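Let's walk through how the parts of this protein chain sit against each other. Have a look at the sequence and the model first.

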Amino acid sequence: MTHWVLTLSCPDRPGIVSAVAGVLAGLGGNITESQQFGDADTGLYFMRVQVECDASREVLDRAVGGVAEQFGMSWELDVVGRPVRTVVMVSTAAHCLNDLLFRQRSERLPIEIVAVVSNHTMLAELAAFYGIDFHHVPVTRETRVDAEAQLLELVHALDAELVVLARYMQILSDDLCRDLEGRIINIHHSFLPSFKGARPYAQAHERGVKLIGATAHYATADLDEGPIIEQDVERVRHDDTVEDLVAMGQDVERRVLARAVRWHAEHRVLLDRTRTVVFR
């Protein structure tokens, strides 16, 4: 039997669970995992189901499609554990890229990194060490449009399903974010209070922050304001140096990004307008 994962969302109303379970049972499917959530604020219902079934993809598509039409569902069906084809974009910081590459190689992360794209060349050797194609796409104010067109062409040519901004220090255009909506995950540091611009860790140290962290979210046209997937924090001591803060920040960024990528690849993240539903 094939192990499938079905995710769906629709306006909340009675009978959704019964209809979905019924159509899967009618095909001889055995549900191995089921999670659901009804959002009282938006009136939307979300569901993630894993099912073992020997029906073909075409048969499942027709059966689920009939239920989806009845309830006005948006839905996706995939094989559990299938590696998601992923492009990782970086600048000069290696910690997030190295972590994703290691987790992929150790078979802990269900993605297939098909390319590393960077506006610098510093991380080309790291990509080569893991046997991943490296693409240098320089970005300046004058070449930004051409660079993004080159990126989109590469995403389509590689049939990439996900783009991960692993400390890629360039702002993406509104058009590119819309073209890849729900398919770009970004990671950035989180401070209380917030420090932007150059040397954020030095600024944080000067202000004596007690918490630093990281946020992984879907990239949108609103800079760093897309639907949040995961966050985490570390406490800061009064005797921690700037270098300590940088190391702590990189560590929490690695962890948060890896969790966000994993949950996305496992179809555990569903968009709920400006928020996300994460079935863990």
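Q: How far apart do the C-alpha centres of domain 1 and domain 2 lie?
A: First, a note on the model: it's predicted, with local features needing pLDDT of at least 70 and side-chain atom pairs counting only at pLDDT 80 or more, while totals for chains, interfaces and linings use all residues. Residues are numbered from 1 along each chain as its sequence is written, and side-chain values use heavy atoms, leaving out hydrogens and water. The chain splits into domain 1 (2-79) and domain 2 (84-278), with bounds from an automatic or database domain assignment. Their C-alpha centres lie apart by 31 Å.

Q: What area is buried between domain 1 and domain 2?
A: Buried area is the accessible area (1.4 Å probe) that two parts lose on being put together, summed over both. Carbon and sulfur atoms give 51% of it here, and the total is about 980 Å².

Q: Which residues of domain 1 lose the most area to domain 2?
A: Together they make up 41% of what that side buries. They're T42, F46 and R48.

Q: Which residue forms a salt bridge with R275?
A: A salt bridge here is a side-chain nitrogen of Lys or Arg within 4 Å of a carboxyl oxygen of Asp or Glu, and the count between the two domains is 3. In the bridge to R275, the closest N and O atoms are 3.9 Å apart, and the partner is D41.
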